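I opened the model today to look up a few local features. My notes follow.

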Amino acid sequence: MLVKLAIYPGTFDPITNGHLDIVKRALKLFDRLIIAIGENPAKKPLFTLEERIFMINEAIKDLPERNLIEVDSFSGLLVDYAKRKGAIAIIRGLRAVSDFEYELQLALMNRKLSNSIDTVFLMPSLKWIFLSSSIIKEAAKFGGDVSDLVPPIVVQKLKEKFREME
Ligand code: COA
């Protein structure tokens, strides 16, 4: 039987409850999921790749679907990575209309680069709709409480990171 594998790519700097919400939704549609940290040349991540992988692994460790999830990283084109892994779909979260234009552009470019992989957009729960990794970092940097928006490990690592930078 064909195992339906999807890739959930992103910068995950850091992972938030909104990302986890998408992970859970994706696993209702696909048999396996790879959460893949990719490079976005437009971004300068706060956390190293190793720190981001560690936080994701910690954040998913108690999910009942844990054994269906792999955490990985890639460089180069997303579609090349997806093909190498044998994925049939790319998962992206859509939070608001403002995401749509960029996501459509990305999805259509990915389709042009490889017609065999489709992008599937999933909407997170309303309570995460305003979340982004940047807004979390900004709030945490100035001492804001983000503990109901990100996994506990992320709260801890944000505190450590901003203490290091003081
Ligand atoms: N909950 C919370 N935040 C969410 C979210 C959700 N459900 N869905 C999206 N976001 C946020 C992210 O936190 C991120 O926030 P930030 O901008 O404040 O950091 C933002 O939405 C979108 O970023 P992200 O999902 O991390 O993706 P990205 O736009 O940085 O793209 C790659 C990352 C890796 C997918 C993309 O750069 C890529 O494919 N790179 C490889 C090269 C390539 O193939 N490019 C495409 C063809 S040219």
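I found Ser133 in helix H5 (residues 133-141); helices here are DSSP runs of H or I with at least four residues, strands are E runs of at least two, and both are numbered from the N terminus. The model is predicted, so I note that local features need pLDDT of at least 70, side-chain atom pairs count only at pLDDT 80 or more, and totals for chains, interfaces and linings use all residues. Residues are numbered from 1 along each chain as its sequence is written, and side-chain values use heavy atoms, with hydrogens and water left out.

Is Ser133 buried or exposed? Ser133 is buried, at 16% relative accessible area (buried is under 20%, exposed over 50%, partly exposed in between, with a 1.4 Å probe and protein chains only). Leaving out residues up to four places away in sequence, I see Ser133 touching Asp13, Pro14, Thr16 and His19 (contact: heavy atoms within 4.5 Å). A polar atom of the Ser133 side chain lies 2.9 Å from the backbone oxygen of Pro14.

**Helix H4**

I turned to H4, residues 97-113. Its buried residues are Asp99, Glu103, Ala107 and Asn110. I checked what covers them: helix H3 (78-85), strand E4 (89-93) and strand E5 (118-122) are included. H4 bends by about 25° at Glu103 (the angle between axes fitted to the seven residues ending there and the seven starting there).

**H2 against H6**

Which residues make the contact between H2 and H6? I list Glu51, Phe54, Met55, Glu58 and Ala59 from H2, and Ile153, Val154, Lys157 and Lys161 from H6.

Terms used: Expected span 1.5 Å × (residues − 1). Polar contact = N/O pair within 3.5 Å; in protein donor to acceptor, adjacent residues only side chain to side chain.
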